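Please look over the model below together with its sequence, and then read the short report that accompanies it.

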Amino acid sequence: PAVTTAVVVHEDSSKYLPVVQVSLARPVTGPSVGIANCPVQMFVNGEYRDITTGTGFSNVTVQVKRNRIVLEYPSTDLRLDIQVRTWRNTCHFSVNYILSDCRCDETLVGILGQPDGEPYNDWHDHTGTAVEIPSSKKERRTGKAYDYSLTWCLENAVDSHFTYEGGNSFSTFDKCNPDQYDDTLDEIIDNATPEQIANCTIDGEVDYGCIIECDYFGEEACDEYKEVIKNTETAVITAAPTSAPTSAPTDELDLSTNENGNTFDDVEDVDATDTEEIVDPPADAGSKGDPHFKTWKNDHFEYHGQCDLVLAKDAQFADGIGLEVQIRTKLVRFWSYIRSAAIRIGDDILEVQGTADEANTLRYWYNLEYQKEITSVGGFPITMKKSTGRFMKNRFIIDLDSKYPGQKIQITTWKEFVAVDFMHASFEAYGKSVGMLGDYKTGETLSRDGSIIHDFHEFGDEWQVRPTDDMLFHDVEKPQFPTKCMIPEDPQGERRRRLDESSVTEEQAEAACARLTDPLDRKDCVYDILATQDTTMAGAY
């Protein structure tokens, strides 16, 4: 499976319009602007430009608001409405291409079909001549669809208008190959369970794309896919084209520009001292795997001690009801993993534990009672989802929308491994939190007294659960403060010895983790596979 990470607009050269590209930075260390916690770049005529400063041309405008980017060519009535999204810590674009007026002197062709309102020719060749569209919905999702998509692959670097940065080239992205088709897609559809078929029956018809999403990526992606399908309106074909660009689909933007082509946001003016707190993009933070921590500022680090740790804590959360999240790690040779997680909101405590049993049992305690019926935590509704996909990942999702719109806390289990994710986190919700995720505003790893700690072993020891913290777990396991966390001896040396003896190669690990586009997540994934000698560990991401 692939995601969209770049889009470039190149109009007819006779129109003297600049070539504008919006892309995700690869590598992420290159120049970029953080949008929705993703590194976004803009290139104008091949030169990098800060996307928040406009294109520098009066005939092409760009505006950024929260996670949306609107790129518009007013003279040709073309608009791209780009949403920057993150799923499973993987950044990608969702793009609406809006052409509000027909170009009667041109023939538009491409993978999006032809804009004439006739579905029969949506599959066509480069001359616009229609090709046969399979009558089977399954075939329109599998091999024949893949073969047709190859029609629109760029054949060589000469045809490309993209700017390649950071050592990348046309060949980096040129993966169009008839032999690359993954026929497991057919197997997924053919072997769909009755539960999957029922889950993916939308408006009385089975949606094969839904079955694929659910099996490959689990319940969260499945729900997101169904939500998109249900909320996608059927296009209305009017008798005549409109004479001006259509309005943005939601959350209308002011697309007026100044003489330099820069755009004006319709956000109210704010005091400069408050700007960082207000305009910081939503973040995804948390911990997972072996165990890898991702701070509010998307910095990654590892801590391999075995003990109970304070992940995040804020007594003022949600107008003072309070939040505390603790994790319990378990040592295995030279590495450790998160075995349990506990969340307290208000007076309610939810504890979740991983399991390796084949029944994939949901192991949880609500207010210290095993598998007690649960509908909310601290007044926030909770949804429990038991996976039916190949990765057997279970999810406990606490919806904070009533207080913090769009935000959730998710605990995921995969075998014995537990992950905690703060989804679309904001300063409003977590700006005063302390713990292993660091300081929300600065990203610094702070001690309990507010001083900066640069050594991650020392930082982990600092946030071991103490008697002054609440004990959230239903039982007590060693070590407990003042006994320090158990640390493996020479983990790097042992890791090197294990790599010398490993049966899983680094190349195999990288292949298993290739679907992750965030380089830091991919690095963590590869590390976990090499440490456990289990390529299925990629399922934890």
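This is a predicted model: local features need pLDDT of at least 70, side-chain atom pairs count only at pLDDT 80 or more; totals for chains, interfaces and linings use all residues.

The secondary structure of the chain comes to 13 helices and 25 strands. Among contacts in the protein chain with a separation of 6 or more, 53% are between residues 24 or more positions apart. The chain exposes about 26,800 Å², and carbon and sulfur atoms supply 49% of that area.

One part of the fold is an open sheet of six strands, which are ordered β15-β16-β17-β18-β19-β20 and paired in antiparallel fashion. At its edges lie β15 and β20, each of which pairs on one side only. Strand β20 runs antiparallel to β19, and two bridges join these strands; within this pairing, Tyr 366 has Glu 369 of β20 as its bridge partner.

The table lists some of the strands discussed here, with their residue ranges.

| Strand | Residues |
|---|---|
| β9 | residues 90-99 |
| β15 | residues 308-314 |
| β19 | residues 363-366 |
| β20 | residues 369-370 |

On the surface, Tyr 97, Ile 111 and Leu 112 form a nonpolar patch, and together these residues have about 340 Å² of accessible area. Tyr 97 belongs to strand β9. Is Tyr 97 buried, partly exposed or exposed? With a relative accessible area of 43%, Tyr 97 is partly exposed, because that class lies between the cut-offs of 20% for buried and 50% for exposed.

How values were computed
Residues are numbered from 1 along each chain as its sequence is written. Side-chain values use heavy atoms; hydrogens and water are left out. Helices (H or I, at least four residues) and strands (E, at least two) are DSSP runs, numbered from the N terminus. Contact means heavy atoms within 4.5 Å. Accessible areas come from the Shrake-Rupley method with a 1.4 Å probe; for residues, only the protein chains shown count as cover. Two strands pair if DSSP finds at least two bridges between them. Patches are made of residues with over 30% relative accessible area and no salt bridge: like charges are joined within 9 Å, nonpolar side chains (Val, Leu, Ile, Met, Phe, Trp, Tyr) within 5 Å. A salt bridge is a side-chain nitrogen of Lys or Arg within 4 Å of a carboxyl oxygen of Asp or Glu. Buried means under 20% relative accessible area, exposed over 50%, partly exposed in between (1.4 Å probe, protein chains only).
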